[in-house]
Structure formats: structure tokens, C-alpha cells
Amino acid sequence: MGKVVVVTSGKGGVGKTTSTAALGAALAQRNEKVVVVDFDVGLRNLDLVMGAERRVVYDLINVIQGDAKLPQALIRDKRLETLYLLPASQTRDKDNLTAEGVEQVIGELKRYFDWVICDSPAGIERGATLAMRHADMAVVVTNPEVSSVRDSDRIIGLLDAKTAKAERGERIEKHLLLTRYDGARAQRGDMLKVDDVLEILSIPLLGIIPESMDVLRASNIGAPVTLADTRSGAAQAYFAAARRLAGEVLPVEIPGEKRGILGKIFARRAA
Ligand SMILES: Nc1ncnc2c1ncn2[C@@H]1O[C@H](COP(=O)(O)OP(=O)(O)OP(=O)(O)O)[C@@H](O)[C@H]1O
Ligand SMILES: [Mg+2]
């Protein structure tokens, strides 16, 4: 059975969709079978970042409503054989995303894929709780600023209360992915420092992704940054985060700081 991961945040625009695409591609680049699932009904962003927007025929809601079978809706990536996308609907009503339907689709995907990575919509409403509902692990995407950290804290509370795992009395694995990190701004005090964020959220650090034009350039050409620009700092940080997600213990480097003990924080075991 594959692992179900939700990429979530509470606050909008922090890098969930970017991170879903990059982590999904990074795992597929290691030959793991991966499907990225877009739960952001109405906005449909993940297909753009994956460069698959012209290939969308059926979507998650079509599958839930029985208009299409799951294999008909899955789009195989043109670059990576083991990477698939299940797109969201741009036009349908969010209410068509039913709890039973989501459970069935995720259950089916788990049987075929090593990783089912769910891109959550922003907020703490139904769409976000449905996206996290069947997750085994959560990637909490956070920017180094107060409002993002506060919303991540609320999401962590929801993960511990509203997921199927939590309701069964089991623990959902939570990981912090700090994105859009700018070392110079953190030094100047314009952004929170890594330690400050870790102290407030106290979940293990999956990685730190630098603020980078390479991410924007990749999304403009419809490619996850780990495929568009493998040697960029952002891609390297996502590769390392994907390895940690898969269970490897690697030191985390703070972008912009010199290598060395002070610049490294060792990832703790998942909370
Ligand atoms: N590391 C980064 N460096 C620079 N820009 C970034 C980085 N990560 C994400 N962005 C940019 O930030 C914007 C928001 O990213 P993204 O769409 O992934 O966020 P989101 O959390 O999915 O948003 P939403 O809540 O609306 O779904 C995009 O323009 C994206 O290209
Ligand atoms: Mg998004």
C-alpha cells in the first residue's frame, strides 16, 4: 500500500502547489510510482505547474460522480514514466467533492502508487479537511512570517483532530517545509529565523526551500523545478526534502549560510 501525503498550510499562496509538484517529481525521479492529486476545486493550479493543462479531460469530481473511471482521469507525465496527475475541476461546484467519494478514490490510488500526494486548497474549510482526511503524513508548508506560522499552527491542530488516523487514535506524521526562505532578509530581521519557526511549530523539519527566481521560471514553462532546473538551489532543496520524506536522515542546510555545524539542523524523527 502506498503512502498518502497531504501538502497543506492554512494560509494561501505559500507554495503548496509548487511543493506538491516538486516533491512528487523528485520522488518519481527516484523511480517511485507517484500520483499528485489536485484538491483545489475551482482553481485548478497543479495541472499548470505540471505542464498538463491542455491534457485534462476528466477530473477528480468526474471520477467521484462516476462519469469517468480513475484510469481515464489520470494523466501520465510526458517526462517521467512513474509520475501521474489527477486534476481538479475548474468549473464544478466544490460540494461535489464528497467524503465517501474521496475515500474511495484515495483507497484505489493507494493500491497502485507508492505515493499519493494531495495538494490542499488554502484555508481550514471543507476542501482542506477533505484533502487531509486520509493522509498518513502531512507536509506543512510555511513561509518565515508570522501570519503563515500562525495558520500552520492551526492546521497542525486540525491534522491531530480531523484526520481519519487521528480519529482512530493513531498519530499522523507531520513535517515542516519552510519555503520562500531568504537568508539575507532573515539576517536583517525582516523575516522569522528558522529557529523561531521551529520553536513555535515544533514539528520536524523536512527542508528549507530558498526564495528563488528558478521556481517562477519553472512554473512558467510548466515544469516542477526539480525537472526544469535540477542544479538550482530550490531543486536541490526539494530533492533532499523528498529523501527525508522517504525516511532518510540528512542534515538540513539553511540557504545563504555557510556550511558548517551552525548552518545545519539535524532533522529529528517525525513527531
Ligand atoms: N521558493 C520559491 N521562490 C519563489 N517563488 C515561489 C517559491 N515557491 C513558490 N513561489 C511562488 O509563489 C506563488 C504561490 O505558490 P503556490 O501556487 O505554489 O502556492 P499555494 O500555497 O499552492 O497557493 P494557494 O493557496 O493559492 O493554492 C507562485 O507564484 C509560486 O511560483
Ligand atoms: Mg495551490
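The side chain of Arg180 places an N or O atom 2.9 Å from an oxygen atom of ligand 1, and the side chain of Thr18 places one 2.6 Å from an oxygen atom of the ligand. A nitrogen atom of ligand 1 lies 3.0 Å from a backbone N or O atom of Pro210. The protein covers 83% of the 640 Å² of accessible area that ligand 1 has on its own (Shrake-Rupley method, 1.4 Å probe).

This is a predicted model, in which local features need pLDDT of at least 70, side-chain atom pairs count only at pLDDT 80 or more, and totals for chains, interfaces and linings use all residues. Residues are numbered from 1 along each chain as written, chains are lettered from A and ligands numbered from 1 in the order written, and side-chain values use heavy atoms, without hydrogens and water.

Helix 1 gives the most, with three residues.

Asn31 is found in the loop between helix 1 (16-28) and strand 2 (34-38) and is exposed, with a relative accessible area of 63%. Ser202 is found in the loop between helix 10 (194-201) and strand 8 (205-210), and is partly exposed at 46%. Buried means under 20% relative accessible area, exposed over 50%, and partly exposed in between, with a 1.4 Å probe and protein chains only.

Technical notes: Helices (H or I, at least four residues) and strands (E, at least two) are DSSP runs, numbered from the N terminus. A polar contact is a pair of N or O atoms within 3.5 Å; within protein, one must be able to donate a hydrogen and the other to accept it, and residues adjacent in sequence count only if both atoms are side-chain atoms.
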